[in-house]
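Here are my notes on this model, point by point. Please read them with the structure open.

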Amino acid sequence: VGTTPWWKDAVFYQVYPASFKDSNGDGWGDIPGLISKIDYLHHLGVDVVWLSPMFESPQQDMGYDISDYQAVYARYGTLADVDQLIAACHSRGMKLILDLVVNHTSDQHAWFRESRSSKSNPKRDWYIWKPPRYDNAGYRIPPTNWRGYFAGSTWTWDEATQEYYLNLYGPFQPDLNWENPECRAAIYEVAMRFWLDRGIDGFRIDTVNKYSKRTDFPDAPITCPDAPHQPAPEMWCNGPRIHEFIHEMQTQVLAPYNAVSVGELSNTPLPSQVLPYVSAAARELDMVFEFSMIRLGTGDLFHGKYLYRPFPLSVLKRHVATWQTFIEGTDGWHTVFCENHDNGRAVSRFGDDSTPELWEASAKTIALWQATLTGTLFLYQGQEIGMKNMPRSWGIEEYKDVESLGFFNEVVALGDEKKIAATLHGLQILARDHSRLPFQWDESPNSGFTGEGVAPWMRVHDEYRELNAAKQLQDPESVLGFYGKVLKLRKKYGDIFVHGKFKLLFPEDESLFTYVKEGVEVGHGSDGEHRRALVVMNFTSRDQKCPNVSSALGCRKGEERLLSWAVFIGK
Ligand code: TEU
């Protein structure tokens, strides 16, 4: 029973810089805009800001394609602005973590420009180059049949040096070669220590389990006979040297600065595979985002991610129970989240945003659900006011994301009307774009995100006059007011809600989501008696149209009961 690390009880809040607050009227959010809203976050109860990439970038994947790790994208501001942001956080007792994107760089990065300039360039081996193969007809084909995340091959042909380079994501995102020790050392120095020396407090680590690829580069089994490329995440997820690499990053870079780390761990569905990343003894990461729950409803990530598949509440509950309990009895830790910049809005995906009453009830239940789960809590900008997916009336022209458009254009090219309609339906629920609409601050034009008459980079939601932070700040009964309450409750009963043992009740019930949380001894001075809480929430599926029931959260001593009418609609 020692002191627990600060980041276990902290509330993290992800800011997507392009969409948070525009201070200079160019239609893009920026760092001075974020600084102007730090007190809003502090008031909400945010302890740590996670800022998505604000580095120099051609912005083909919204900054996850970095061309200079030590420069700030001009529309977001300057290095001095970042220094001011660090000071603004620290002066309020808050912290700042940045997004570490080092599986790949932009194809505009100086390292890649050198690497592609010639086969003999010293940085050639900092990326993954392979000669072509030829099919029976003598046509050139990529080194493997792997399909990437944005609907296409993971290989791009380079005419100048007559080789392919690997890109798990877009052709504009060539994968760095982590097998090369010089390359790793440069990543640690240029992309990490530079910022840690400026005073940031840690990193959210992008695609943290993908740096160690199968070095024999075999073809993937044919699971989709009609497709030109095959899903192959096993060829690069949780690869042979990944734990060696992450351990090296921890011991050589993060630990000396006592920097916090949270890894993005997709395609890792088994607790036995996840635990090694977060076990304290392993000295790899402090925590990870595990995606089984948030992925519910998505189709096959590679061939039909946007073919939406409804799921019963019992499946959601089983996923939550698995990830709430997998660290029990271990020295591991976990995260709690239901939104980020890569997913649709929770109130639209898991809740029902079709009427004001159902929207409010759903958003509050999501708040209650998230605030009572064990692990470090991560909120995504706009979740606290119940921001919704873009209206279904909007057309494909409102979708800007490279992944959304990659999948959509692929089915359009197939000319399969049914699949096109199904993909559009899936995008309307699941697309990454929904979480990237401008933050709805108030009822002024452009919802106070940018100035009147300015064209924001993405369209503002039509309902911003009714759904905005200013309106909710005035109303303690609003969704925002409710988040304030449940965050306070979570902090007050951290032994139960942050650290407690989770026990699911009535697992097969398709209406109620009910669990008991039992407090554990946390730090010093706990009175030894383990308090418990019963959390009961109504998860009525839309088609049952059950009436709202109260969601009761009562701690055993009965000293505090928080009742909120909440309906949480699983589809
Ligand atoms: O996403 C990692 C990833 O695996 C993506 O395929 C993500 O899971 C998927 O798009 C979900 O729809 C990270 C970033 O979060 C994402 O924004 C970037 O596009 C991607 O890496 C490349 O850096």
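1. The largest cavity in this predicted model is the space taken by the ligand. Start there when you look at the coordinates.

2. The shell around the ligand counts 10 charged residues, 4 polar and 4 nonpolar. Of these 18 residues, the ones that come nearest are Asp61, Lys210, Arg295, Lys305 and Asp342.

3. Glutamate 403 places a side-chain N or O atom 2.8 Å from an oxygen atom of the ligand. For glutamate 264, the distance from a side-chain N or O atom to a ligand oxygen is 3.0 Å. Histidine 104 also has a polar side-chain atom 3.0 Å from an oxygen atom of the ligand. How much of the ligand's accessible area does the protein cover? On its own the ligand has 490 Å² of accessible area, and the protein covers 100% of it.

4. Turn next to the aromatic side chains. The structure holds 43 aromatic pairs. One of them joins tryptophan 6 and phenylalanine 12: the ring centres are 6.3 Å apart and the planes meet at 15°, so this pair is stacked. Planes under 30 degrees apart count as stacked.

5. Are the two partners buried or exposed? Phenylalanine 12 has a relative accessible area of 0%, so it is buried. Tryptophan 6 stands at 31% relative accessibility and therefore counts as partly exposed.

6. A further aromatic pair is edge-to-face: tryptophan 50 with phenylalanine 378. Their planes are 80° apart, and the distance is 6.4 Å centre to centre.

Notes
Residues are numbered from 1 along each chain as its sequence is written. This is a predicted model: local features need pLDDT of at least 70, side-chain atom pairs count only at pLDDT 80 or more; totals for chains, interfaces and linings use all residues. Side-chain values use heavy atoms; hydrogens and water are left out. A residue is near a molecule or strand if one of its heavy atoms lies within 4 Å of it. A polar contact is a pair of N or O atoms within 3.5 Å; within protein, one must be able to donate a hydrogen and the other to accept it, and residues adjacent in sequence count only if both atoms are side-chain atoms. Accessible areas come from the Shrake-Rupley method with a 1.4 Å probe; for residues, only the protein chains shown count as cover. On a 1 Å grid over the protein atoms alone, a cavity is a set of points where a 1.4 Å probe fits but cannot get out, and a pocket is an open set with protein on both sides within 12 Å along at least five of seven lines; lining residues have an atom within 4 Å of a point. A molecule sits in a cavity or pocket if more than half of its atoms lie within 2 Å of its grid points. Ala, Val, Leu, Ile, Met, Phe, Trp, Tyr, Cys and Pro count as nonpolar, Asp, Glu, Lys and Arg as charged, and the others, Gly among them, as polar. Rings of Phe, Tyr and Trp (its six-membered ring) pair if their centres lie within 6.5 Å; planes under 30 degrees apart count as stacked, over 60 as edge-to-face and the rest as tilted. Buried means under 20% relative accessible area, exposed over 50%, partly exposed in between (1.4 Å probe, protein chains only).
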